[in-house]
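Welcome! Please take a moment to look over the sequence and the 3D view before reading on.

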Amino acid sequence: MEKNLYDAPAAKLRVLKILGGSNLLKKLSVMGIYEGSLIEKKLGYKEGPVIVKVKNSEVAIGHSMSLKIIVKEEK
Amino acid sequence: MKIILTGNPNVGKSVVFSKLCGYEAISSNYSGTTVDILIGKAKIGNCDCEIIDVPGVYSFEGESVAEKVASSIIKKGDYDLIINILDANSLERNLLFALELLSLRKPTIFLVNKYDIARNRGINIDFEKLSKILNVAVIPIIATIGWGFDVLENEIKNFSFKNKNYVSDVSIPPNTLDKWKMIGQIISKVEKIEHKHPTFLEKLEVLTTTPSMAIPFGIIVIIASFWIVRFIGEGLINNFFDPIFNNYYYPLIDKFRNLISSDLLKNIIFGKNPVAMEGFGIITTGIYVSFVVVLPYVFSFYIVLGFLEDIGYLPRLAVILDRFSHKIGLHGYSGIPLIMGLGCKVPGIFSLRILDSNRDKIIAASLMLLIAPCIPQTAMIISVLSKYSIIYTFLFFLYLFAVGIITSFILNKILKGSSSDLFIEIPPYHIPVLKNMLFKLKIRIIQFLKDAVPAVIGGIFLINILDILGFIERISLFFAPFFKNIFSLPPEISSIIAIGFLKKDVSITFLVPFNLSLIELMVSSFFLVTYLPCLASMMVLRKEIGNKNSFYVMCINFVVSLIFTFLFSILLKFFGV
């Protein structure tokens, strides 16, 4: 089921879509987050940042940015 | 031979740097920015090398100031060899920048650092295979203990005798997504991750990022840091710097006082009266403020900050503070200058450079100057109000805090744009290396001495000139009726306020002889705390965020201070204090 990263459960996730301009896409892709990439959500703060593991390193993503990343749980 | 050190942030670049250059290095500012670059000299084999520590970068596409500076240095090509450092724990992520570097076709060596930590965490890397695939020398190292550096030295020797090719010819796709594909294939061939029981540090990482535990832990860390800064800072002042100044320095320079015949010159150099803090002499008050009042706090502050930085806690603190910070127009990282400003504004202002946008800097600077009286000021306010019920002290700080929050809330609405979103790497914890911490401390103290001390002394000189020209007296006469009518304060204290920004903590004690009532004391203290930053922070602010922005910040401060001082006096009277 499609969800944004903020609402998604703490699990392995596949990035389906990133709702943002080219700057955001660039910023995220440099850290390894792009359409099709596999990430693992570790935890999220209520109305705060989400921490994900990507390419074997951990990254904190701010609240409004996390709403723009659409993911699907990877079984 | 000129060598540049490159790599992602948090890969241990500065440790490699100090291992190569020893602990002698100079920090120099990259012109037009607030980015500082370390340059050192090393003798490797028979070869004299100049080594340049380039700021950490995730990619040439990066947008931050540090990343732009790094990209421009690397792309300029004005060097002989690139040593790129990768973190064995996040090799995959690190390879993106590594591939970007290889596509420049410059002589390159890769160092894969933190080999020991990666092994403990179950990460196995086939370095030989990686080297073959990328056609570049790949050396595993443990920078903290110097393991692997002999291999590096050999490679550098080989390079200088030109008996091996160091320019990779592997074809690299130009766009980022294709690079990630290539990296995926490389990783599947060279890296195996086996499951291991989490190490102690890994358990601590989980504990201090899980919200329910992280927030109380964060509060404890902040309070403890604050207490340690104060303990070390005050200890140094009372037991070391102040006695040295009063018992040795002052009596010594006082002997030279009579060598100068001109009274005017004597006043400027030695001050009008023999009390070090009041005379405003360049070599009395100037030296006292720089070395006895500010330096000990800068020193203790950087010890604590360096420790939190090296262990890897600051990004976690930024995560915890993020939600609250966004409400007042900042992101989590801005909490850090703010917390620093509680100790002493000078290091707080220095740390504004971790923020990228001007907007963030203006809001954080205004908030810091309003909300966070430095430790000496806080101590003075507490002591001045101590003869009244503790409720008033509490009320005072509560009001100060509320004013800060309201102001940045309003600034957030007024200033164009919105606060940038947090997007940072959360590095694994590391046990700090003492030698490295001391090295960083030294660099920072030298920077403070270079930046802040001349500024303070210059400022005191300026005050003297203004005083001689009768300017200060005029200002205080001009404001006297204003104090009387608007703030209901005795007009005499305007003279204290006119020069109060020089030494804000001391100026609060100057209020005592006027026998002010409780309301007058609270109102005038509030004004003294907020109306202007102290001389040292004013000078550092100008240097750090530029003339225009610091002018804005000081105007914001002054206007907010006038409005809320007025409001404070009305509120206090209304509630019949």
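Buried means under 20% relative accessible area and exposed means over 50%, with partly exposed in between. Keep in mind that what you see is a predicted model. With those cut-offs, take Leu25(A): its relative accessible area is 33%, so Leu25(A) is partly exposed.

Where does Leu25(A) sit? Leaving out residues up to four places away in sequence, Leu25(A) touches Ile18(A) and Gly20(A). Ala60(A) is 35 residues from Leu25(A) in sequence, and their C-alpha atoms are 16 Å apart in space.

## Strands side by side in chain A

Now let us follow strand E4 of chain A, residues 50-54. Of its 5 residues, 4 are buried, so the strand is largely enclosed by the rest of the structure. On one side, E4(A) pairs with strand E3 (residues 38-44) of chain A in the antiparallel sense, over 4 bridges. Within this pairing, Val52(A) in E4(A) is the bridge partner of Lys41(A). The hairpin of E3(A) and E4(A) has 5 residues between the strands, and Glu47(A) there takes a positive phi near 50°.

E4(A) also runs antiparallel to strand E5 (residues 57-61) of chain A, joined to it by 5 bridges. Here Lys53(A) has Glu58(A), in E5(A), as its bridge partner. How many residues lie between E4(A) and E5(A) in their hairpin? There are 2, and Lys55(A) in the turn has a positive phi of about 50°.

## Charged partners

Side chains of opposite charge can pair when their charged atoms come close. Over all chains, the structure holds 17 salt bridges. One of them joins Lys41(B) and Glu50(B), with the closest N and O atoms 3.9 Å apart. Are these two residues buried, partly exposed or exposed? Lys41(B) counts as exposed because its relative accessibility is 62%, while Glu50(B), at 26%, counts as partly exposed.

Another salt bridge links Glu425(B) to Arg93(B), where the closest N and O atoms are 3.4 Å apart. Glu425(B) lies in strand E10 (residues 423-426) of chain B and Arg93(B) in helix H3 (residues 91-102) of chain B, so this pair ties together parts that are 332 residues apart in sequence. Glu425(B) counts as buried, since its relative accessibility is 7%, and Arg93(B) counts as buried at 2%.

## A charged network in chain B

Arg444(B) and Glu309(B) form a salt bridge too, with 2.9 Å between the closest N and O atoms. Arg444(B) is in helix H18 (residues 434-468) of chain B and Glu309(B) in helix H11 (residues 285-311) of chain B, so the pair connects parts that are 135 residues apart in sequence. Glu309(B), at 27% relative accessibility, counts as partly exposed. Through salt bridges that share partners, Glu309(B), Asp310(B), Lys440(B) and Arg444(B) are joined into one network.

## A kinked helix

Finally, find helix H9 of chain B, residues 211-254. Where is its kink centred? The kink, of about 45°, is centred on Ile237(B). Ile237(B) is one of the buried residues of H9(B), which also include Ala214(B), Gly218(B), Phe245(B) and Tyr250(B).

What do the buried residues of H9(B) pack against? Their neighbours are helix H8 (200-207), helix H10 (263-270), H11, helix H12 (314-327) and helix H16 (375-385) of chain B.

Note on methods. Residues are numbered from 1 along each chain as its sequence is written. Chains are lettered from A and ligands numbered from 1 in the order in which they are written. This is a predicted model: local features need pLDDT of at least 70, side-chain atom pairs count only at pLDDT 80 or more; totals for chains, interfaces and linings use all residues. Side-chain values use heavy atoms; hydrogens and water are left out. Buried means under 20% relative accessible area, exposed over 50%, partly exposed in between (1.4 Å probe, protein chains only). Two strands pair if DSSP finds at least two bridges between them. A salt bridge is a side-chain nitrogen of Lys or Arg within 4 Å of a carboxyl oxygen of Asp or Glu. Contact means heavy atoms within 4.5 Å. The bend at a residue is the angle between axes fitted to the seven residues ending there and the seven starting there.
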